[in-house]
Every structure is written in C-alpha cells, then in structure tokens.
Amino acid sequence: MPRLAVLVSGRGSNFDALHAAITAGRLHAEIVLVASNRPHAPALARARAAGIVTHASESRGSGDRAAWDRAFMAMVATAQPDLIVLAGFMRRLDAAAIAPWLGRMLNIHPSLLPNYAGLDTHQRVLAAGDAEHGASVHFVTAELDGGPVLAQARIPVLPGDTPADLAARLLPLEHQLLVAAVAAVASGRCRMQGATILCGGQILHAPLQLQDDASLA
C-alpha cells in the first residue's frame with residue numbers, strides 16, 4: 001500500500017480529508033507521517049489523535065533556510081514515503097531539498113494555476129474581476145507553484161463575493177480534489193515525466209477536472 005507523508009502548517013483540514021478517505025476505503029494508502037514547520041499547528045494534534053507519527057521543526061528564525069530545508073526533508077525521508085503531499089504547507093522548500101522527490105511530491109494551491117501563484121489568491125481573483133476561481137493540485141518543482149498541474153476544481157465568482165466567501169465555498173472542493181489527485185498518483189494512474197504528466201500512459205494536455213461525483217476526468 002502506498003505510504004504518504006503529509007506536510008502541514010495549519011489547521012489540518014486537508015489532512016483530515018485524506019485521513020477520512022483512507023478510513024472510508026476511498027483512498028488506498030497509508031499516512032505514515034505528518035510533519036510541520038509549525039510545532040503548534042493544529043494538524044499535528046489531529047494526526048496524533050489518529051495514531052499517526054508526527055514531527056515538527058520550527059522554521060521561523062531558523063537562520064540558514066537551505067540547511068533547514070535539507071534537514072527537514074531528510075527527516076521526512078526516514079519515514080520512507082512513496083509520495084509526499086503538501087497539504088497547506090506554507091513554506092517554499094529549497095530546490096536541493098526537493099530534488100530527490102521530483103515526481104513524488106504534490107501540492108494543493110487555491111487558484112487555477114498558472115494564475116495567481118503565491119499568496120492571497122482569493123483577494124487577487126476579486127481584484128482582477130475574474131468570473132471563475134478554483135484550486136489546483138500540481139507536482140512540486142523548484143519553481144513556486146510552477147510544477148505540472150495534474151487536476152483542478154472550479155467555482156464561479158458570484159456578485160458580492162468576499163475573499164472569505166470564496167475561501168469557504170472552495171474549501172470542500174479542495175478536499176475532494178486533493179483526495180482524488182492523490183489517489184490518481186498513488187494508484188499509478190498518473191505520473192510526472194519530465195515537464196509533463198502521463199495519465200493512463202497518455203500525455204495530459206490539460207489538467208483533469210473535478211466532477212460532481214468527486215472523480216477526475
């Protein structure tokens with residue numbers, strides 16, 4: 001069964017979604033580690049309550065960023081994961097630290113990439129007057145939110161929406177999207193090859209889209 005390491009920085013709702021899917025038999029994988037750059041992240045308590053091994057190392061004020069990143073990822077490697085999932089992990093890792101994991105590391109980002117890499121995506125969508133918003137799961141590379149995009153979920157931007165409205169409406173779809181994307185990679189259906197993604201042995205020319213039944217197509 002594929003072994004997952006989940007990296008978190010905050011409340012842990014995406015971790016909850018993955019764990020719930022595994023418990024329900026909808027995701028055939030095992031979470032072997034939940035690791036954080038924030039020792040007081042609520043996600044760690046959630047993981048410990050579920051009997052999952054956790055690790056935390058404070059990244060703020062750590063001095064040498066690249067050295068911290070290498071040490072953190074070396075610790076993650078001791079869990080021997082097959083796939084690393086960044087589920088609300090709010091730190092950009094050094095290229096050398098992630099190099100051994102290229103093609104085996106996924107991130108969820110709250111925008112329709114390549115639009116709005118980085119922070120404050122909900123505010124930026126509204127400021128731009130976009131009619132549509134969404135979330136993306138992509139393979140992690142050295143470029144910030146710039147790896148090949150595997151799958152997306154979309155929502156309309158409604159009149160009067162605030163950033164909080166968009167975030168609240170998108171979050172349930174983020175959970176579904178992450179579970180479906182992790183399942184696609186963990187099962188071997190999709191994989192990264194160079195700068196492209198293969199799904200079912202065919203080049204993926206556009207991201208898979210989350211369907212009403214929470215599947216990807």
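**The second largest pocket**

Modeller: H1 and H6 each supply at least two residues of the lining of the second largest pocket. Helices here are DSSP runs (H or I, at least four residues), and strands are runs of E, at least two; both are numbered from the N terminus. The model is predicted: local features need pLDDT of at least 70, side-chain atom pairs count only at pLDDT 80 or more, and totals for chains, interfaces and linings use all residues. Residues are numbered from 1 along each chain as its sequence is written, and side-chain values use heavy atoms, without hydrogens and water.

A pocket is an open set of points on a 1 Å grid over the protein atoms alone, where a 1.4 Å probe fits, with protein on both sides within 12 Å along at least five of seven lines; a lining residue has an atom within 4 Å of a point.

The second largest pocket holds about 160 Å³ of space. Its lining includes Ala17, Ala20, Arg26, His175 and Gln176. Val179, Ala180, Ala183, Ala214 and Ser215 also line the second largest pocket. H6 gives the most, with 5 residues. By class, this lining has 6 nonpolar, 3 polar and 1 charged residues.

Now the largest pocket. About 910 Å³ of space lies there. The lining has 37 residues, and Gly88, Phe89, Met90, Ile108 and Pro110 lie nearest the centre. H1 (13-23), S5 (105-109), H5 (121-128) and H6 (163-186) each supply at least two lining residues. Again H6 gives the most, here with 4 residues.

Key. Points joined across faces, edges and corners; volume = space filled by probe spheres on them. Nonpolar A, V, L, I, M, F, W, Y, C, P; charged D, E, K, R; others polar.
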